[in-house]
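Work through the exercises below with the structure open. Try each task before reading its solution.

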Amino acid sequence: MKLKNQVVVITGASRGIGQAICVAFAKEGATVVGVARSDLAETGTAVQAAGGTFIPHNADLGTGTQKESAAVIGQILAKAGKLDVLVNNAGIIRRAPAKDFSEADWNAVIATNLNSPFFLMQAAGKWWIESGRAQAPAAARLKLVNIASLLSFQGGITVPAYAASKHAIAGVTKALSNEWAKERINVNAIAPGYIATENTRALREDPARNQSILDRIPEGRWGAASDIAGGCVFLASGDSDYLNGVVLNIDGGWLGR
Ligand code: NAP
């Protein structure tokens with residue numbers, strides 16, 4: 001078990017990729033703190049079935065403020081006692097042509113996908129450094145994992161705010177990895193390819209888009225949420241202690257094409 005006695009926090013844990021990561025972490029012996037706005041009972045049942053302990057934490061990460069992000073980390077530390085892994089997975093997408101893209105949609109996507117992950121990492125890193133854990137003799141490390149996207153590298157189609165937020169989170173991953181490697185904090189990211197979740201339902205329901213996406217994926221299928229989980233366990237575990245600032249593509253070969 002790679003995450004025994006570890007407290008792992010996963011945002012966007014109510015469904016999709018976040019839920020799959022929760023289950024994979026549970027199988028590795030972790031105490032899983034799942035964050036989302038909606039009910040987390042389904043994820044809790046799946047985590048317990050996988051042998052893990054589940055702590056639900058309802059929070060809205062859509063404002064993206066420093067104050068609210070710090071409060072979330074503070075409340076989780078009060079509940080769980082410590083924090084070993086934070087996975088910034090919660091994310092939204094809004095689709096509209098650039099000329100019509102609304103200010104409200106732009107701000108919502110940037111707040112959820114960029115501001116909130118940065119301020120959550122800031123609060124977790126601040127706690128880690130100021131509590132002296134970086135200097136403790138134990139081999140403990142803080143692992144921060146951001147869920148980026150193929151649109152950390154590409155522009156996408158009518159999703160300008162999403163592409164901006166995902167390019168930026170890749171940059172923040174590298175920036176924090178530089179600053180915090182010496183603090184025994186690993187900051188890395190995963191760029192999932194096209195995964196069958198609520199986030200991509202509109203694409204899969206459009207026969208032409210669905211087929212063009214499938215035709216371009218060397219593996220020839222949509223990814224499953226569970227396809228992302230193994231890489232996330234790697235980035236959360238001691239197997240990746242000398243890995244910093246990497247964006248790991250898990251995309252069925254899309255970017256290699
Ligand atoms: P999803 O099924 O739509 O799940 C999104 C999760 O984020 C839900 O648990 C949702 O929970 C949570 N969330 C959204 N807004 C939130 C808010 N304001 N506060 C708290 N939680 C919030 O999407 P997914 O496909 O699993 O996406 C997960 C991550 O992977 C996202 O960052 C996404 O950009 C990224 N990604 C996905 C794909 C893909 O093909 N699916 C590809 C590349 C990257 P509630 O609604 O319950 O709050």
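The model is predicted.

**Exercise 1. A salt bridge with Asp227**

Task: Decide whether Asp227 is buried, partly exposed or exposed, and find its salt-bridge partner.

Solution. 
Step 1. The relative accessible area of Asp227 is 32%. Buried means under 20% and exposed means over 50%, so Asp227 is partly exposed.
Step 2. The salt-bridge partner of Asp227 is Arg221, with 3.0 Å between the closest N and O atoms.
Step 3. Arg221 has a relative accessibility of 42%, so Arg221 also counts as partly exposed.
Step 4. Side chains of opposite charge can pair when their charged atoms come close.

**Exercise 2. Two further pairs and a network**

Task: Classify the partners of the salt bridge between Glu205 and Arg201, then describe the pair Asp105 and Arg94.

Solution. 
Step 1. In the pair of Glu205 and Arg201, the closest N and O atoms are 3.4 Å apart.
Step 2. Glu205 has 54% relative accessibility and therefore counts as exposed. Arg201, at 37%, is partly exposed.
Step 3. Asp105 and Arg94 form a salt bridge whose closest N and O atoms are 2.9 Å apart. This pair links distant parts of the chain, eleven residues apart: Asp105 belongs to helix α4, and Arg94 to the loop between β4 (85-88) and α4.
Step 4. Asp105 has 21% relative accessibility, so Asp105 counts as partly exposed. Arg94 is partly exposed as well, at 30%.
Step 5. A search of the whole structure gives ten salt bridges. A network of salt bridges links Arg141, Lys143 and Asp241.

**Exercise 3. The largest cavity**

Task: State how many cavities of 30 Å³ or more the structure holds, and describe the lining of the largest cavity.

Solution. 
Step 1. There is one cavity of 30 Å³ or more. The largest cavity has about 30 Å³ of space.
Step 2. The lining residues are Asn88, Ala90, Asn113, Pro117, Ile147, Lys166 and Ile169.
Step 3. Helices α4 (103-130) and α5 (160-180) each supply at least two residues of this lining.
Step 4. Sorted by class, the lining has four nonpolar residues, two polar ones and one charged one.

**Exercise 4. The largest pocket**

Task: Give the volume of the largest pocket and describe its lining.

Solution. 
Step 1. The volume of the largest pocket is about 1,100 Å³.
Step 2. Its lining is made of 48 residues, and Gly91, Ile92, Ile93, Tyr162 and Asn199 lie nearest the centre.
Step 3. Two or more lining residues come from each of α1 (16-27), β2 (31-36), α4, α5 and α7 (207-216).
Step 4. The lining of the largest pocket has 23 nonpolar, 17 polar and eight charged residues.

Terms used: Residues numbered from 1 in each chain as written. Predicted model: local features only at pLDDT ≥ 70, side-chain atom pairs only at ≥ 80, totals over all residues. Heavy atoms only, no water. 1 Å grid on protein atoms, 1.4 Å probe; cavity = no way out; pocket = protein on both sides within 12 Å on 5 of 7 lines; lining within 4 Å. Points joined across faces, edges and corners; volume = space filled by probe spheres on them. Helix = DSSP H or I, 4+ residues; strand = E, 2+ residues; numbered from the N terminus. Nonpolar A, V, L, I, M, F, W, Y, C, P; charged D, E, K, R; others polar. Salt bridge = Lys/Arg side-chain N within 4 Å of Asp/Glu carboxyl O. Buried < 20%, exposed > 50% of the residue type's maximum accessible area, 1.4 Å probe, protein only.
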